[in-house]
Amino acid sequence: MFQLTRSVTWQALQRLYRETENDRIRDYFAADPKRFEKMSLRVGGLFLDYSKHQISDTVLAKLLELADHSALVQRRAQMFSGDIINVTEDRPVLHTALRNVSDQPVYHADGKDVMPEIHRSWEQIHRFSDAVRNGEWTGHSGQRIRDVVNIGIGGSDLGPNMACRALLNQRHPELNFHFVSNVDGTHIQKVLKGLDPATTLFIVSTKTFSTQETLLNARTARRWFLENAGDDADIGAHFVAASTNRKAATEFGIREENIFEFWAWVGGRYSMWSSIGLPIALAIGFDGFMDMLRGAHEMDRHFLEAPNAENMPVLMALIGIWYINFVGAETHAIVPYDQALNQLPSFLQQLDMESNGKSVDIFGHPVNYKTGPIVWGQTGSNGQHAFFQLLHQGTRYVPIDFIASLKPEPGFEEHHFALLTNMLAQANAFMEGSQTGSRLDPYSCPGNRPSSTLLLDELTPRNLGALIALYEHKVFVQGVIWNINSFDQWGVELGKRIAGEISERIDTNVTDFDPSTQGLLHLLRDRFGDGEADDTSTAESSRNP
């Protein structure tokens, strides 16, 4: 059996780390004035500078060798061709087909071309989004829709939420968008407060139409609508669904023609490219939604065709592997210097940590190396006054991705200039530090902290699509090199199962949980044991979707 850590390349990288661990990044620039030109790359409207990393030319060459010796070429081809690479769930991984704007077919593992179904889905999204945006699709009273509430969780929330916020300045001026994901009742209560049910559209986004949190919020929204507006017959004028479970959606009251289909091979954290992206099409128009898909497709082609040494996702993945597996970094910070991208760290947190948070390889064998960093972050310049102090002078070693768009909002050029100069200053300060050369100064910043800088020409749907696809492929490359399955999430499923068991057994004297859970369950039973929790139980969710 192949063991990654015993490979010649892996052991060479371990030696290189010991040889270069005291290198200064600024010395690399002094030794090679062309380092910035050599270690920067443009793909479409995205520009990546990866020169501020503690990575010598020799280390980079060896990292590229690691990629060359991996199964990347084979696994990448299998993903794009529809082979089953999600081995634990026996599914292909075809999110790239969802943004395939070429005329080429894409085949599922069963030999079926999936593109005709995807084209039909686009047509449905096109018709519906146009009708809502131009006022033709109205609520039960004939009034046009003013507010759109997306009810989902995880990938059914994070992707559309992030994209709609990022592209806020392109949103339809007469539509407001709200996203409900938390099962905490205060979340949906706050959203519903002040809405007019006659002019509100709800999108229930759930692949199976059985997700406990989403269904609880959807039933609460349904009850609010019936109490404040219409009757059961009017549900179909205010609720639509993105789901694979047509039967459950129609039982909820959603009209057959307003169920937006997608497929079991669409993973949750990759679903914004499917009908789960309906809120995006409603917000920025179908043409804008398709532009986002075109940007992602452009990055797909680059990922497929560019040699590894010039391949943006591959290079970002290898840099991450260097820090995770050889330098020993535990976390990775995402710092967008653009308020419109304030949801991007949360989106990338799920994308990366749910994909590569694994401790066994694709054969089920335990791995003996780190996989997946802890991804976190916040927008700059707020982060400068929050956690940057720890990054500058603390004991943690945290690589950073700085992300910004170059084009300012009209009338706010001064703000944007200050924003971007702050970002450049921070990247420089992390690298250079403030050491005076005197060992007597304990308050200096040591510097030598690495970062990448990703610049978008401007924040457009196309460039946003390319940016998200870039990170998707980066995560995929790392999963391939670590030989893990980036497309299942059994840890998530475990929590769902146990939550269901606890809900179903709230009225029984449970003794097979640990003493802490039993004690806490006793406290819950005192509060909810008389049927007050019926509406929240998974069993009830399944019986009354």
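Author: A charge is said to sit over a ring if NZ of Lys or CZ of Arg is within 6 Å of the ring centre and within 35 degrees of the ring normal. The charged end of Arg35 sits in this way over the ring of Phe29, 5.6 Å from its centre, and Arg76 lies over the face of Phe303, at 5.1 Å from the ring centre. The model is predicted, with local features needing pLDDT of at least 70 and side-chain atom pairs counting only at pLDDT 80 or more, while totals for chains, interfaces and linings use all residues. Residues are numbered from 1 along each chain as its sequence is written, and side-chain values use heavy atoms, with hydrogens and water left out.

Turning to the rings themselves, those of Phe, Tyr and Trp (its six-membered ring) pair if their centres lie within 6.5 Å, and planes under 30 degrees apart count as stacked, over 60 as edge-to-face and the rest as tilted. A search of the whole structure finds 24 aromatic pairs. The ring centres of Tyr337 and Phe402 are 6.0 Å apart with the planes at 55°, so this pair is tilted. Because Tyr337 lies in the loop between β10 (331-336) and α14 (344-356), and Phe402 in strand β12 (residues 400-405), the pair ties together parts that are 65 residues apart in sequence; helices (H or I, at least four residues) and strands (E, at least two) are DSSP runs, numbered from the N terminus. Phe402 also forms a tilted pair with Phe430, at 6.3 Å centre to centre and 35° between the planes. Since Phe430 lies in helix α16 (residues 413-432) and Phe402 in strand β12, this pair ties together parts that are 28 residues apart in sequence.
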